[in-house]
Amino acid sequence: MINIALPKGRLGEKVYSMFEAAGYECPSIKENNRKLIFENSDCGVRYFWVKPSDVAIYVERGAADIGVAGKDILLEYSPDVFELLDMNTGKCRMAVAAKKGFHDNTDKTLRVATKFVNIATRFYADKCRDIDIIKLNGSIELAPILGLSDVIVDIVETGTTLRENDLEPIETIVQISSRLIANKARFRFKADKIEEIVNNIKRYGIKND
Ligand code: PRP
């Protein structure tokens with residue numbers, strides 16, 4: 001049995017449909033209930049719905065053999081896992097944004113609000129820019145509007161949240177997409193089955209655009 005951590009929510013449903021198309025269906029997962037674990041012993045898979053930002057923790061610690069996590073989480077927390085496949089979904093970018101017309105005064109420390117402290121710190125360290133990080137947990141866009149920060153480092157997907165709050169992207173830090181990851185020890189132990197899953201998802205599950 002392969003234990004698979006899927007990110008709960010709309011992205012997770014899309015990701016599940018890729019596993020389904022690859023031959024690892026589990027019809028009970030589509031029942032409208034609050035269960036978190038679903039299994040199909042015929043194709044040897046057990047799925048868990050996990051908070052998206054927790055998938056890498058389940059996989060790193062071996063509670064799941066494989067899982068699907070955003071590249072943003074992998075870059076931010078650097079979990080000790082194998083990254084096996086770009087799922088070509090959950091696409092967005094990590095960007096710096098600010099109020100329209102913002103001009104960076106490099107004589108001053110730049111106040112940066114973000115959920116992604118490590119990504120932001122590395123990005124500005126590479127530029128030798130002195131910053132003050134303000135760690136927030138959500139609604140990051142509020143920070144520059146209320147004068148809590150000069151800029152934000154956050155996920156931009158459609159750009160709607162920025163636009164509707166009179167902010168604009170200034171610089172892209174990195175492109176993001178969902179990745180199939182594996183626990184290192186389990187990958188060695190269950191290599192044949194995990195590689196079979198990866199190949200079938202590559203062949204039948206991923207839609208290239
Ligand atoms: C993310 C991100 C932005 C928004 C960007 O928030 O933090 O707020 O999506 O998407 P858009 O460019 O399509 O508007 P999320 O919904 O994950 O909630 P959060 O506030 O908890 O980060």
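Q: Where does Arg 129 lie?
A: In this predicted model, Arg 129 sits in the loop between α4 (117–126) and β8 (131–135).

Q: Why is Arg 129 called buried?
A: Its relative accessible area is 13%. Buried means under 20%. The value falls under that cut-off, so Arg 129 is buried.

Q: What makes the pair between Arg 129 and the backbone oxygen of Asn 105 a polar contact?
A: A polar atom of the Arg 129 side chain lies 3.2 Å from that oxygen. The limit is 3.5 Å. The distance is within it, so the pair counts as a polar contact.

Q: Why is Cys 128 called exposed?
A: Cys 128 is also in the loop between α4 and β8. Its relative accessibility is 70%. Exposed means over 50%, so Cys 128 qualifies.

Q: Why does Ser 78 count as exposed?
A: Its relative accessible area is 52%. The cut-off is over 50%, so Ser 78 is exposed.

Q: Why is Ala 63 called partly exposed?
A: Ala 63 is found in the loop between α2 (55–60) and β4 (66–70). Its relative accessibility is 43%. That lies between the 20% and 50% limits, so Ala 63 is partly exposed.

Q: How far is Ala 63 from Leu 146?
A: Their C-alpha atoms are separated by 41 Å. Along the chain, the two are 83 residues apart.

Q: What surrounds the ligand?
A: The shell includes Lys 115, Gly 138, Ser 139, Glu 141, Asp 154, Gly 159 and Thr 161. Each has a heavy atom within 4 Å of the ligand, so each counts as near.

Q: Which elements supply at least two residues of the shell each?
A: β9 (151–156) and α6 (160–164) do. The largest share, three residues, comes from β9.

Q: How much of the ligand does the protein cover?
A: The protein covers 64% of the 500 Å² of accessible area that the ligand has on its own.

Q: How do the residues of the shell divide by class?
A: Two are nonpolar, six polar and four charged.

Q: What lines the second largest pocket?
A: This pocket has a volume of about 270 Å³. Of its 13 lining residues, the closest to the centre are Glu 13, Ile 29, Glu 31, Asn 33 and Trp 49. By class, the lining has five nonpolar, two polar and six charged residues.

Q: How many residues of the protein count as buried?
A: Of the 209 residues, 45% do. The fold has eight helices and eleven strands.

Notes. Residues are numbered from 1 along each chain as its sequence is written. This is a predicted model: local features need pLDDT of at least 70, side-chain atom pairs count only at pLDDT 80 or more; totals for chains, interfaces and linings use all residues. Side-chain values use heavy atoms; hydrogens and water are left out. Accessible areas come from the Shrake-Rupley method with a 1.4 Å probe; for residues, only the protein chains shown count as cover. Helices (H or I, at least four residues) and strands (E, at least two) are DSSP runs, numbered from the N terminus. Ala, Val, Leu, Ile, Met, Phe, Trp, Tyr, Cys and Pro count as nonpolar, Asp, Glu, Lys and Arg as charged, and the others, Gly among them, as polar. On a 1 Å grid over the protein atoms alone, a cavity is a set of points where a 1.4 Å probe fits but cannot get out, and a pocket is an open set with protein on both sides within 12 Å along at least five of seven lines; lining residues have an atom within 4 Å of a point. Grid points are joined across faces, edges and corners, and a volume is the space filled by probe spheres set on the points. Buried means under 20% relative accessible area, exposed over 50%, partly exposed in between (1.4 Å probe, protein chains only). A polar contact is a pair of N or O atoms within 3.5 Å; within protein, one must be able to donate a hydrogen and the other to accept it, and residues adjacent in sequence count only if both atoms are side-chain atoms.
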